[in-house]
Amino acid sequence: MEERDIIALILHGNTNAFASLVEKYQDMAFSIAFKMLRNKEDAEEVVQDAFVKAYKALPSFRGEARFSTWFYRILYHTSVSRYQGQFLTSLREETLDYIDEIPEENEELNHMEITERTAIIQAILRHMPPDEELLLTLYYLEECSINEIVQITGLSESNVKVKLFRARKRFYDLLKKYMKNEINVLQ
């Protein structure tokens, strides 16, 4: 069933149909919230709040963007408003401490299995500032367009592009550092 059909059912009183949207988006919602908040309980609470807000605001959903874009914007703003930016400052400081703790593997990246590559990517992402981690996750893993990221975050298009550029550079620098450690281990 198409999402717009599910939304129509919900708007016509079938509240149980909302469960299918929750089921479809709960994992990614938790992932996004956890990347921003770095705390399981806070992330679960924010996701629940965001779903409640989305349910209540569903009559205002115009369908101009995908439901996921609309919902992730609600989630993003719920996360930010909950902590009013405090978490970014404290987590940036923690991130600097974590950079030296990236786990080492014994094989070169080109010869690793997909799961090992994924683990390295996730480890590097965890060591980045949450806003950059979120942008890379949305753009590369969720395959959101720049325009969708603008809608989700409320940032300007040029700001999203600049932040994505910086995030890519930081990711590349962290990957180079990781690979340098790999080469040193192999020698």
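**Helices, burial and salt bridges in a predicted model**

User: Is Glu 44 buried, partly exposed or exposed?

Analyst: In this predicted model, where residues are numbered from 1 along each chain as its sequence is written, local features need pLDDT of at least 70, side-chain atom pairs count only at pLDDT 80 or more, and totals for chains, interfaces and linings use all residues. Side-chain values use heavy atoms, with hydrogens and water left out. Buried means under 20% relative accessible area, exposed over 50%, and partly exposed in between, with a 1.4 Å probe and protein chains only. Because its relative accessible area is 38%, Glu 44 counts as partly exposed.

User: Which residue forms a salt bridge with Glu 44?

Analyst: A salt bridge here is a side-chain nitrogen of Lys or Arg within 4 Å of a carboxyl oxygen of Asp or Glu. With the closest N and O atoms 3.7 Å apart, the partner is Lys 40.

User: How many residues apart are Arg 170 and Glu 132?

Analyst: Arg 170 forms a salt bridge with Glu 132, their closest N and O atoms being 2.5 Å apart. The pair links distant parts of the chain, since Arg 170 sits in helix H9 (residues 157-186) and Glu 132 in helix H7 (residues 130-141), at a separation of 38 residues.

User: Which of the words buried, partly exposed or exposed applies to Glu 132?

Analyst: Its partner in the salt bridge, Arg 170, is partly exposed because its relative accessibility is 33%. Glu 132 has a relative accessibility of 9%, so Glu 132 counts as buried.

User: Which backbone oxygen does the side chain of Thr 78 reach?

Analyst: Thr 78 lies in helix H4 (residues 67-83), and with a relative accessible area of 5% this residue is buried. Its side chain comes to 2.7 Å from a backbone oxygen, which belongs to Ile 74.

User: Which residues does Thr 78 touch, not counting those up to four places away in sequence?

Analyst: Contact means heavy atoms within 4.5 Å. Once residues up to four places away in sequence are set aside, Thr 78 touches Val 46, Asp 49, Ala 50 and Lys 53.

User: What percentage of the residues of the protein count as buried?

Analyst: The protein has 9 helices and 0 strands. Of its 187 residues, the share that counts as buried is 39%.

Terms used: Helices (H or I, at least four residues) and strands (E, at least two) are DSSP runs, numbered from the N terminus. A polar contact is a pair of N or O atoms within 3.5 Å; within protein, one must be able to donate a hydrogen and the other to accept it, and residues adjacent in sequence count only if both atoms are side-chain atoms.
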